[in-house]
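Good morning, everyone, and thank you for making time for this short talk. Please have the sequence and the picture open while I speak, and follow along with me.

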Amino acid sequence: ISSYGVYFLVYEESKRFCESRSVPVVASTLASGGLAGCFALGMIHPVDVVKSRIQSLPVQATAEERSVMSVVSSGLRREGAAFFLRGFSAAMQRAFVLNAATFGGYELAVAAWDTSAPRGWAA
């Protein structure tokens, strides 16, 4: 399943949950957007860690040393399973703020468009 599928599913379901509990619209939009970003990024974070490790290898590293299996096995050997969570906390904090702002801005733009669009242009 694509992380974008999870992204929009979490947003819509958490927004629906908040609205059923009479949470104010702005708060439910920001919280739902933040949660959606965290879930979507959380799914791909381990892959991103491996990618970053490969990118940070010296230029003279061999093709074998640059392989995903080599990076994963050496990371697990040196750091254990925590290898996949390197930078997770900072990434989640950034994801929450960024995606809360993204969905907040999107919903604000849609509301502005709906109230100012010429007749017949509203979505």
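Before we look at how helices pack here, we need one definition: an axis is a line fitted to C-alpha atoms, for a helix over the stretch in contact, and the angle between two axes runs from 0 to 180 degrees, taken between the N-to-C directions. Please also keep in mind that this is a predicted model.

In general, two packed helices are described by the angle between their axes and the distance between the axes. With that in hand, let us take helix 2 and helix 4, whose axes come within 7 Å and cross at roughly 135°. Angles from 65 to 115 degrees count as roughly perpendicular and those over 145 as roughly antiparallel, and helix 2 and helix 4 are therefore oblique to each other. The crossing of helix 2 past helix 4 is right-handed. On the helix 2 side the contact includes Leu30, Gly33, Gly34 and Leu41, and on the helix 4 side the residues include Phe96, Ala100, Phe103 and Gly104. Sorted by kind, the residues of this contact are 13 nonpolar, eight polar and one charged.

Let us stay for a moment with Leu30, which belongs to helix 2, spanning residues 25-55. Which residues does Leu30 touch, if we leave out those up to four places away in sequence? Leu30 touches Phe96, Ala100 and Gly104, and yet Leu30 is partly exposed, because its relative accessible area is 35%.

Now compare the pairing of helix 1, residues 3-20, with helix 4, residues 88-116, where the axes are 13 Å apart and the packing angle is about 70°. Helix 1 and helix 4 are therefore roughly perpendicular to each other. Here Tyr7, Phe8, Tyr11 and Lys15 of helix 1 meet Asn99, Thr102, Phe103 and Glu107 of helix 4, and these residues divide into four nonpolar, two polar and two charged.

Between helix 1 and helix 2 there is a loop, and Ser22 is found in it. Ser22 is exposed, because its relative accessible area is 66%. As background, most residues other than glycine have a negative phi. The phi of Ser22, however, is positive, near 60°.

I will finish with another serine, Ser74, which sits in helix 3, residues 68-79. Is Ser74 buried or exposed? Ser74 counts as buried, because its relative accessibility is 16%, and a polar atom of the Ser74 side chain lies 3.2 Å from the backbone oxygen of Val71.

Note on methods
Residues are numbered from 1 along each chain as its sequence is written. This is a predicted model: local features need pLDDT of at least 70, side-chain atom pairs count only at pLDDT 80 or more; totals for chains, interfaces and linings use all residues. Side-chain values use heavy atoms; hydrogens and water are left out. Helices (H or I, at least four residues) and strands (E, at least two) are DSSP runs, numbered from the N terminus. Buried means under 20% relative accessible area, exposed over 50%, partly exposed in between (1.4 Å probe, protein chains only). A polar contact is a pair of N or O atoms within 3.5 Å; within protein, one must be able to donate a hydrogen and the other to accept it, and residues adjacent in sequence count only if both atoms are side-chain atoms. Angles under 35 degrees count as roughly parallel, over 145 as roughly antiparallel, 65 to 115 as roughly perpendicular and the rest as oblique. Contact means heavy atoms within 4.5 Å. Ala, Val, Leu, Ile, Met, Phe, Trp, Tyr, Cys and Pro count as nonpolar, Asp, Glu, Lys and Arg as charged, and the others, Gly among them, as polar. A crossing is left-handed if the near helix is turned anticlockwise from the far one by less than a right angle, and right-handed if clockwise.
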